[in-house]
Amino acid sequence: MKNIEIAGSGYAVPGRCITNHDLEKTVDTSDEWITARTGISTRYVSETENTVSLGCRAAVNAIANAGITPADIDLIIVATMTGDNLTPSTACLIQEKLGINSRHVMAFDINAACSGFIYAMHIASAMLGQYRCALVIGAETLSKIIDWTDRNTCVLFGDGAGAVIMRPGEKSHMAFYADSAGDSSGTLQATGPLLHPALENCQRTFGYLHMDGKEVFRFAVKAIEDSIHHVLEGTGVTPEEIDLIIPHQANIRIISYVARKMGLPMEKFFINLDTFGNTSAASIAIAFAQAQQQGLIRPGMKIVLVGFGAGFTNGAVYIRM
Amino acid sequence: MLEQVKKVIMDAISVEEELITPQARLSEDLGIDSLSAVELSLELETEFDIRIEDEEISALVTVQDILDLVNSKKQ
Ligand SMILES: CC(C)(COP(=O)(O)OP(=O)(O)OC[C@H]1O[C@@H](n2cnc3c(N)ncnc32)[C@H](O)[C@@H]1OP(=O)(O)O)[C@@H](O)C(=O)NCCC(=O)NCCS
């Protein structure tokens, strides 16, 4: 286990709230269906802000919450699959907005879909030591890759960003687990820019997010359970002893099935997907920050963050606060 | 077999035992929606060591259909 602490956290969502009733007007769906199958009631969707802007607002909140200044940060990792550009990275543009371009900072993005924030924390933990203070962000503007006429996907997702400040600290420790298994079958994918038309006779377009919901469900429930067991290996802690589990906020049905399978009460699981929907790499980061704001995370507590997503990817972080 | 399937159904969803008869309709009588059916198939896969495809899940209407499916897979 590593002696690392989370010095602060913060989150941000865009201004426009879309309810299930709003979606009833645009696709053939109902509040009743969405609530029963997913637990989601509202999601926030961006009209003016892009990923850099959301990520930066979450970062500013986390920096304030930690009581540090941007100049203290020397590592920025952003987990996203909806960066505003292929390059420069979201992390570099957030560095600029934070006004620390002249400082010695390493900044880069990673993509592990909805597991991105877990992966980013894992990477930061391995780099802390050489670096002193990491700003780890999960930020997404998923609305730009959602087909808003496809009821299979548009009811599930939202935009937002969350951030934490990680630094070496004697009081708390963490353990990490991550896994991936490549899947090119299209179970969960959003295609990128296709090959150049001069080389291949195809158009330069980006694809929307496509998903085989049932197959993803099967993967998700197994991924959560496996990740929790793996991350606790060697910690001497059992799932029953965990005070709070913060899972990726994809679907309440996934979480309640896992809770039942593992024999854990639903009260152990932090849920905010009813308000924000699935915000991919931002989801666990937003949930952590919100749980901390609500006073649900206290010194001495044992916490597990657990994620799964396209790739396939999955992973977990154990934190003894 | 019915007893074993009954137990799986009761583990997967909260429904009273006497409601689970071979004639019972999964959706109308037992309140099993499309996602509960996926959950149920995961449980059946573990219990009987079989693999159930999505199309086979969608085709299930009654408890008897589950019994038939499991029986055919076990052979
Ligand atoms: C998306 C999900 C809720 C769909 O549930 P499902 O049980 O697989 O739903 P299906 O697509 O089989 O649809 C069931 C029925 O509802 C209908 N339906 C599908 N989407 C609907 C919607 N948005 N509104 C209303 N009805 C809908 C279908 O047409 C079907 O009707 P039928 O039985 O009359 O044919 C579910 O598969 C899921 O959440 N999977 C995990 C996805 C996920 O978490 N992705 C992100 C991972 S990071």
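Visitor: What distance separates the centres of domain 1 of chain A and domain 2 of chain A?

Guide: This is a predicted model, in which local features need pLDDT of at least 70 and side-chain atom pairs count only at pLDDT 80 or more, while totals for chains, interfaces and linings use all residues. Residues are numbered from 1 along each chain as its sequence is written, chains are lettered from A and ligands numbered from 1 in the order in which they are written, and side-chain values use heavy atoms, with hydrogens and water left out. Chain A is divided into domain 1 (4–170) and domain 2 (175–320), bounds that come from an automatic or database domain assignment. Taken over C-alpha atoms, the separation of the two centres is 14 Å.

Visitor: Which residues in domain 1 of chain A lose the most area to domain 2 of chain A?

Guide: Contact (heavy atoms within 4.5 Å) links 50 residues of domain 1 of chain A with 45 residues of domain 2 of chain A. The buried area, meaning the accessible area (1.4 Å probe) that two parts lose on being put together, summed over both, is about 3600 Å² here, with 67% given by carbon and sulfur atoms. On the side of domain 1 of chain A, 19% of what is buried comes together from the residues that lose the most, namely Y11(A), C114(A) and I118(A).

Visitor: Which element gives the most residues to the side of domain 1 of chain A that touches domain 2 of chain A?

Guide: Across this interface the rule finds zero salt bridges, a salt bridge being a side-chain nitrogen of Lys or Arg within 4 Å of a carboxyl oxygen of Asp or Glu. There are 17 residue pairs in polar contact, both at pLDDT 80 or more; such a contact is a pair of N or O atoms within 3.5 Å in which, within protein, one must be able to donate a hydrogen and the other to accept it, residues adjacent in sequence counting only if both atoms are side-chain atoms. Helices (H or I, at least four residues) and strands (E, at least two) are DSSP runs numbered from the N terminus, and those supplying at least two residues to the side of domain 1 of chain A include strand 1 (4–12), helix 2 (31–38) and strand 7 (160–168) of chain A. With seven residues, the element that gives the most is helix 5 of chain A.

Visitor: Which residues of chain A lose the most area to chain B?

Guide: Twelve residues of chain A are in contact with 17 residues of chain B. The area buried between the two chains is about 1400 Å², of which carbon and sulfur atoms give 43%. Together 48% of what the side of chain A buries comes from the residues that lose the most, K214(A), R218(A) and R253(A).

Visitor: How many charged residues are on the side of chain A that touches chain B?

Guide: Between chain A and chain B the count is seven salt bridges, and one of them joins R218(A) to D54(B), with the closest N and O atoms 3.7 Å apart. The elements that give two or more residues to this side are helix 7 (213–232) and helix 8 (252–262) of chain A, with helix 7 of chain A giving the most, five residues. Ala, Val, Leu, Ile, Met, Phe, Trp, Tyr, Cys and Pro count as nonpolar, Asp, Glu, Lys and Arg as charged, and the others, Gly among them, as polar. By class, the side of chain A has three nonpolar residues, one polar residue and, for the charged class, eight.

Visitor: Which residue follows helix 8 of chain A?

Guide: At the start of helix 8 of chain A, a side-chain oxygen of N251(A) reaches to within 2.8 Å of the backbone nitrogen of R253(A). The buried residues of helix 8 of chain A pack against elements including helix 7 of chain A and helix 2 (34–48) of chain B. After the helix, with a positive phi near 65°, comes G263(A).

Visitor: Why does L44(B) count as buried?

Guide: L44(B) is found in helix 2 of chain B and, leaving aside its neighbours within four places in sequence, is in contact with V8(B), D49(B), I50(B), I52(B), I66(B) and V70(B). Buried means under 20% relative accessible area, exposed over 50%, and partly exposed in between (1.4 Å probe, protein chains only). L44(B) is therefore buried, because its relative accessible area is 3%.

Visitor: What separates the C-alpha atoms of A163(A) and N61(A)?

Guide: A163(A) lies in strand 7 of chain A and counts as buried, at 0% relative accessibility. Beyond its neighbours within four places in sequence, its contacts include G8(A), A58(A), I137(A) and A285(A). A163(A) and N61(A) are 102 residues apart along the chain, and their C-alpha atoms are separated by 8.1 Å.
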